[in-house]
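Please find below a note on the model under review. It is set out as numbered points for a computational reader.

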Amino acid sequence: MKQLILAVVLLITTATQAQKSFFENISEEDTYNLYLKVSKKGDGTYKAEEKGNSVKFKKEYLPTGEGYKFSTILQEGSKKGETEMTVDISDEKIECTGYPYESVISGEDWGYHYYYVSIGDYVFSLDGVSTKFATFKGISAVFIKAGAAPAEADVEKKEKKTKKKNSFFAKMKALKNEALGTFGPEYKEFTNKNLDKIITDYLVAMKAKQDGRTAAQKQSDENVAQLTKDKIAKEKAASDASWAEAKKHNDSVMATPEWQELERRKKLNEANYQGAQKANKVTLRNTGGSTIYVCPQGMDTHEIEISAGGTAKWDCDTDGYLQVNGKATNVKVYSKNTGCGNTININ
């Protein structure tokens, strides 16, 4: 029994030790081919619909040794040598923990959550990863180390097959293979692997490593977290400095005679406007005990409502008559041009 337990422990330990951390596993020397629109075939296997660019990875590390940034550098086309994508963990929306056994880099972009995991020859873009439960929902894209060209024997074998008379199904298969002709030889190996098991086993093994870290090892997470804090503080300082410079500039402009004259004219124009408004209006105060309505002579519309004890503005150059039950009466409560800018009591 003891021997069985020891064997199981050794097996788990060996499997766990075989797993590499994210930054440790990615190669900067090898070229990777990107495959997109990855979906499940069945039995843990996957397929891709499109082939993207060929790239090389570039990694960056903190002085304390933790990886915190990776980029993909184009290896073909007119933009060869340019950076296509960069993931920087110092961004507050991107997270990676578990150093020195970091396994998943997660991020959020306009509500979309993405996860990067690197295992063997693959760098996966995964969906729905739970590091707590070591699970994932699917693969959206994958970078695969570019494979070697087919062996000569395989080429000769293929040439012999093409000389044979093809059946209908053989022709259909040939058309399918032709459509996938741009896919590298590494793609076939990818489609034959049980990736559900490979990725899940990796997440489980790495979680076991992370859970067993020493206090000294956990300090690496703090080092990376501090990088984010420093970046946020630096951005805030730059923003504050920019605002301070803008305020200094505005203050200097507002201290000029030209600005002060402009402000004086604006205030004068506003005072003139308010004076004109006041001269064109009269305030009607209802001193009675119930709500009244006032309208122009002979008009049943355009009335104003004045609650008991309340006031309302009325055009100074218009006679005002009481309105009862929606109809204008002959009872005049205001004569035009007699109270402009003043308050008239109505009882």
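1. The model is predicted, with local features requiring pLDDT of at least 70 and side-chain atom pairs counting only at pLDDT 80 or more, while totals for chains, interfaces and linings use all residues. Residues are numbered from 1 along each chain as its sequence is written, and side-chain values use heavy atoms, with hydrogens and water left out.

2. The second largest pocket holds about 250 Å³ of space. A pocket is an open set of points on a 1 Å grid over the protein atoms alone, with protein on both sides within 12 Å along at least five of seven lines; lining residues have an atom within 4 Å of a point. Its lining has 14 residues, and Thr97, Gly98, Val104, Thr131 and Gln210 lie nearest its centre. Helix H6 (residues 195–211) contributes the most to this lining, with 3 residues. Helices (H or I, at least four residues) and strands (E, at least two) are DSSP runs numbered from the N terminus.

3. There is 1 cavity of 30 Å³ or more, a cavity being a set of points where a 1.4 Å probe fits but cannot get out. The largest cavity has about 40 Å³ of space, where a volume is the space filled by probe spheres set on grid points joined across faces, edges and corners. Ser103, Val104, Thr131, Leu203, Met206, Lys207 and Gln210 form its lining.

4. Strand E8 (residues 105–109) pairs with strand E7 (residues 94–95) in the antiparallel sense over 2 bridges; two strands pair if DSSP finds at least two bridges between them. Ile94 is placed opposite Gly107. Strand E9 (residues 112–119) also runs antiparallel to E8, joined by 5 bridges, with Glu108 opposite His113. E8 and E9 make a hairpin with 2 residues between them, and Trp110 in the turn has a positive phi of about 50°.

5. Helix H7 (residues 215–254) has 40 residues and reaches 57 Å from its first C-alpha to its last, close to the expected 58 Å; the expected span is 1.5 Å times one less than the number of residues. Its buried residues (under 20% relative accessible area, 1.4 Å probe, protein chains only) are Ser220, Asp221, Val224 and Thr228.

Terms used. Buried means under 20% relative accessible area, exposed over 50%, partly exposed in between (1.4 Å probe, protein chains only).
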